[in-house]
Amino acid sequence: MEEPGPSDATPASRWTGFPVGLWIGGSWRGAGDGQTFTVTDPATGEPLESVPRAGAAETTLAIEAAAVALEGWRSASSTHRADVLWRVHERLGEERERLS
């Protein structure tokens, strides 16, 4: 399974180290119109990150990419799909602290 990582177009978050962007069709991207919005800490109101504001164009791209990905997922064996889901479960457990 490919690990999404930051690129020049999507810098890493200063808080999590994860990319700040839209993961669509296997690559990171910003909003086509360049618009962003600020995510704030709900407990303190402190600004955390500026992230892309996805609009209709990005939504359409994401839906189209999901439809393409679904064909591959449908054709995969149930054993393979279970393995992928189990690896996601394990990875989320490993990253629990960093994600919370």
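The second largest pocket comes out at about 150 Å³, in what is a predicted model. A pocket here is an open set of points on a 1 Å grid over the protein atoms alone, with protein on both sides within 12 Å along at least five of seven lines. Grid points are joined across faces, edges and corners, and the volume is the space filled by probe spheres set on the points.

Who lines this pocket? Ser13, Thr16, Phe18, Pro19, Arg98, Leu99 and Ser100 do, a lining residue being one with an atom within 4 Å of a point. Sorted by class, that lining has three nonpolar, three polar and one charged residues. Asp, Glu, Lys and Arg count as charged; Ala, Val, Leu, Ile, Met, Phe, Trp, Tyr, Cys and Pro as nonpolar; the others, Gly among them, as polar.

Now for the strands. β3 (residues 36-40) and β4 (residues 47-52) run antiparallel and are joined by five bridges; pairing takes at least two DSSP bridges. Strands are DSSP runs of E, at least two residues, and helices are runs of H or I, at least four, numbered from the N terminus. Across the pair, Thr38 faces Ser50 in β4. The two strands make a hairpin with six residues between them, and Gly45 in the turn has a positive phi of about 80°.

Glu49 sits in β4. Ser13, a pocket-lining residue, is one of the contacts of Glu49 beyond four places in sequence; the others are Arg14, Trp15, Val20, Phe37, Thr38 and Val39. Contact means heavy atoms within 4.5 Å.

| Residue | Relative accessible area | Class |
|---|---|---|
| Glu49 | 18% | buried |
| Trp23 | 37% | partly exposed |
| Trp28 | 18% | buried |
| Leu61 | 35% | partly exposed |

On to the rings: the count is one aromatic pair. Trp23 and Trp28 have ring centres 5.1 Å apart and planes at 55°, so they are tilted. Rings of Phe, Tyr and Trp (its six-membered ring) pair with centres within 6.5 Å; planes under 30 degrees apart are stacked, over 60 edge-to-face, the rest tilted.

Leu61 belongs to helix α1 (residues 56-75). Beyond four places in sequence, Leu61 touches Ile24 and Arg29. Leu61 and Gly25 are 36 residues apart in sequence, yet 7.8 Å C-alpha to C-alpha.

Some housekeeping: residues are numbered from 1 along each chain as its sequence is written, and side-chain values use heavy atoms, leaving out hydrogens and water. Local features need pLDDT of at least 70 and side-chain atom pairs count only at pLDDT 80 or more, while totals for chains, interfaces and linings use all residues.

How values were computed:
On a 1 Å grid over the protein atoms alone, a cavity is a set of points where a 1.4 Å probe fits but cannot get out, and a pocket is an open set with protein on both sides within 12 Å along at least five of seven lines; lining residues have an atom within 4 Å of a point. Buried means under 20% relative accessible area, exposed over 50%, partly exposed in between (1.4 Å probe, protein chains only).
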